[in-house]
Amino acid sequence: MAREGYGDLLAFVAVARERSFTRAAAQLGVSQSALSHTVRALEARLGVRLLTRTTRSVAPTEAGEQLYNKLAPRFDEIESDLAEVLELRDSPRGTVRISATDYAANALLWPRLSAFMPRYPDIKVEIITDYGLTDIVAERYDIGVRLGNQVAQDMIAVRIGPDLRMAMVASPAYLQAHPAPQAPDELAAHNCINLRLPTHGGCYAWELANGDREVQVRVQGQLTFNGTYPMLAGALDGCGVAYLPEDLAKEHVAAGRLCWVLEEWFPTFPGLHIYYPSRRQSSRALSLVVEALRYST
């Protein structure tokens, strides 16, 4: 194909990736009608339909999926190579996209990035919070955050925090009305605050450990959230028992606003790590962010 077709290919990749002409047009800085015309011209030139269009959605055809899978990684490599060249021009620049839980973002990422960002004004950081165990490659994130034992072996992992101890807490008012459980199975009789996991479609089973004994408990209650901080607020307001990072609850326990529940069953997990694909050549901006987040004892 003649080289003038490369712009058509880039337009197609944007639409296939976003599954939307509207979002792709905004990303490319063109009108939706112009983008649609460009993709139709590419389909006419190739003699094959690449996208299936309905009033509600856009999806690649079999041929479109095959073409997208071949082109998208190559365009990503070109973008990365160009970013590296631009970084040599002056100060480090670029956008680093991070997928993390709200707890990781607030407790670990932001305290370090708040000091890092003023030193590198041309580096942008985008943090998206969720508990979905996002596929960072498919969703085009540069960095993900997970517990050390959850990072895939083909990823580069860098520890950003100490081992993580989880805790169960409830307010004094709640425990006055509902005597504290003495064993994990007694949690079934309590109003527990759940965390919904979007990836699995269900709620997180509380993982507890007492020495060599480990149990998973599926709890029930009136409240379910998709983040840690609303769960903490619910516990503080006396709405039930919450399962939270211990360091998040410590100050409230010390102040008498919360009490430990089943403290002998608090489990400890490998610390949180940032991770990114080992096959991806790191930009200078990414390398600087990684070093800023690295945990040192």
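Ala, Val, Leu, Ile, Met, Phe, Trp, Tyr, Cys and Pro are counted here as nonpolar, Asp, Glu, Lys and Arg as charged, and the others, Gly among them, as polar. The views below show a predicted model.

**View A. Composition and volume of the second largest pocket.** The lining of the second largest pocket comprises 21 nonpolar, eight polar and three charged residues. The space in this pocket amounts to about 660 Å³. Among the 32 lining residues, Thr101, Tyr131, Leu147, Gln150 and Leu195 lie closest to the pocket centre. Two or more lining residues each come from strand 3 (94-100), helix 5 (102-116), strand 5 (143-147), strand 7 (164-170), strand 9 (206-210), helix 7 (228-236), strand 12 (242-245) and strand 15 (272-277).

**View B. Helix 1, residues 6-18.** The end C-alpha atoms of helix 1 are 18 Å apart, in agreement with the 18 Å that its 13 residues should span at 1.5 Å a residue. Buried positions of the helix are Asp8, Leu9, Ala11, Phe12, Val13, Ala14, Val15, Ala16 and Arg17. Just after helix 1, Arg19 adopts a positive phi of about 55 degrees.

**View C. Tyr6 in helix 1.** Tyr6 belongs to helix 1. With a relative accessible area of 45%, Tyr6 is classed as partly exposed, because that class lies between the buried limit of under 20% and the exposed limit of over 50%. A separation of 32 Å divides the C-alpha atoms of Tyr6 and Asp154, which stand 148 residues apart along the chain.

Terms used
Residues are numbered from 1 along each chain as its sequence is written. This is a predicted model: local features need pLDDT of at least 70, side-chain atom pairs count only at pLDDT 80 or more; totals for chains, interfaces and linings use all residues. Side-chain values use heavy atoms; hydrogens and water are left out. Helices (H or I, at least four residues) and strands (E, at least two) are DSSP runs, numbered from the N terminus. The expected span of a helix is 1.5 Å times one less than its number of residues. Buried means under 20% relative accessible area, exposed over 50%, partly exposed in between (1.4 Å probe, protein chains only). On a 1 Å grid over the protein atoms alone, a cavity is a set of points where a 1.4 Å probe fits but cannot get out, and a pocket is an open set with protein on both sides within 12 Å along at least five of seven lines; lining residues have an atom within 4 Å of a point. Grid points are joined across faces, edges and corners, and a volume is the space filled by probe spheres set on the points.
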